[in-house]
Every structure is written in C-alpha cells, then in structure tokens.
Amino acid sequence: CNSPIWIPLLFPRREPLALINLKKKNEETGEEELASRLDHCKAKATRHIFLIRHSQYNLDGRIDKDRTLTELGREQAELTGRRLASLGLKFDTIIHSSMTRATETTNIISKHLPGVKKISTDLLREGAPIEPDPPVSHWKPEAVQYYEDGARIEAAFRNYIHRADAKQEEDSYEIFVCHANVIRYIVCRALQFPPEGWLRMSLNNGSITHLVIRPSGRVALRTLGDTGFMPPDKITRT
C-alpha cells in the first residue's frame, strides 16, 4: 500500500482553537468572528531546528570546566561551522548548553556565522533523560538522576521544540548546540516515538541533526547525526 501515513498533530495545545477563550467568544463576539480569531492565532512560518552535538572533549577532566575540547574536537567544530555557513541560511540564534564542551564548540562555530546571537542555557545540559528500553549494561546512572535530569530535559523539549509563533511571518533557522542524550531524546519526542528508545541511536561529535516544524505542527526529520562533511579520520563518537 502506497498511501501516506499521517502522524497525529504534535503540540495540540498550540492549535489555534486551543488558544481562544471559547466562553468569551460565545458571550461577547458570536460565532461569526470565530474564523477571523482562528486565523489570527494560526502559525504561518516553518521552523528549522539544527541540533549540533558538541565536539570531542577531554574525558579525563574531573569537573566540567576541565572537560575542554581536544585538538581534534576544535577541528571538528571548525568543520561543523563551515558546513553550517555553506548552507547559505539566515540563522537567527545559536542556543547552547552551558557546559564547557558545548560552549567551546559554540564559540568556534559562531566564528563562521558572524552576527548570529548566542544564548546559553542550563536546560540543555547533558543528563539522563529517561530510563532506556531495552536497558544497557554499560550505562546505569542512579535512578534519582532520571528524575532530576529527565524533568529538565523534558522542559527543554517543551520550551524549544514547538511550531512558530503566530506573529512570526518568515521561516526561521535556529541552531542548538548540546549533547547526545539531549538530542536523541528530543528527536524521539518530536517524532512521537517512544522516548525510551533514545539510546538506540548514536551521534558523532560535531554532527548535525535537522528537524523541520511546519505551521500545522507536523514534524519531519531531514538529517540525523550528519557528519558526511568531515574526513573519515576526523569522525569520533566520544
């Protein structure tokens, strides 16, 4: 069967009808004004979300500030920055995790995208989003970490991954520099896949994942963990 598969609308609470006070409409405006009020609340633009995993970093660092990029990691960030610049897109912002490795990756990438505003956030810091299914033997954080990190990473998803605001007239292109666990969880949530499957995916350092959010709320995954722009000897997954 070649019939298209329609995914249920993502972000139902951002549907125009959900943004209107129906009680007020019925009492004050009447049915004839509903259509115009709905149009006023409808998204018009498409959002392009570029999720970048940080580059290779020093695994021997005891605390975050010591986990700086390696020499190869800095090369990877340069390659990622060049790739993003080569796309010829008008990027609006670079929102990045406040962790050292993500901040350093952002600073290198931003040299290739002059004028693009950088914003740091703790929401995108690395963590344990949800207990993976099936479980794995090589990675078992304390159960409490899922509760602490999971709520924050879910908040990041809800805060950043949504359809465009109704006031946005043109398509937007936004970069998020963060971490493998965060990106994999966001991809699962955005595509309405079981989020427990996040650990079944693997992302290279400096890779680019591209999500598209249409005005209807439908989401498409253009690329997942792309590093085809890097020479094979520059690709790592640490």
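What follows looks at salt bridges and then at a pocket. Keep in mind that this is a predicted model.

Start with a bit of background: side chains of opposite charge can pair when their charged atoms come close. Searching the whole structure turns up six salt bridges. One of them joins Arg47 to Glu174, with the closest N and O atoms 2.6 Å apart. Arg47 sits in strand S1 (residues 47-53) and Glu174 in strand S4, so this pair ties together parts that are 127 residues apart in sequence. Are these two buried or exposed? Arg47 has a relative accessibility of 4%, so it counts as buried. Glu174, at 10%, counts as buried too. Setting aside neighbours within four places in sequence, Glu174 also has Phe50, Phe91 and Thr93 among its contacts.

Now hop over to Glu154, which pairs with Arg158, their closest N and O atoms being 2.7 Å apart. Those two are four residues apart in helix H5 (residues 143-160), so about one helical turn separates them. Glu154 is buried at 14%, while Arg158 is exposed at 57%. Glu154 has another salt bridge, to Arg189, with the closest N and O atoms 2.8 Å apart. That pair links helix H5 to helix H6 across 35 residues. Through shared partners, Glu154, Arg158 and Arg189 end up in one network.

Finally, find the largest pocket, which holds about 470 Å³ of space. Its lining has 21 residues, and among those nearest the centre are Arg53, Glu126 and Arg184. Helix H6 (residues 180-190) gives the largest share of that lining, three residues. Sorted by class, the lining has eight nonpolar, seven polar and six charged residues.

Methods. Residues numbered from 1 in each chain as written. Predicted model: local features only at pLDDT ≥ 70, side-chain atom pairs only at ≥ 80, totals over all residues. Heavy atoms only, no water. Contact = heavy atoms within 4.5 Å. 1 Å grid on protein atoms, 1.4 Å probe; cavity = no way out; pocket = protein on both sides within 12 Å on 5 of 7 lines; lining within 4 Å. Points joined across faces, edges and corners; volume = space filled by probe spheres on them. Nonpolar A, V, L, I, M, F, W, Y, C, P; charged D, E, K, R; others polar. Salt bridge = Lys/Arg side-chain N within 4 Å of Asp/Glu carboxyl O. Buried < 20%, exposed > 50% of the residue type's maximum accessible area, 1.4 Å probe, protein only.
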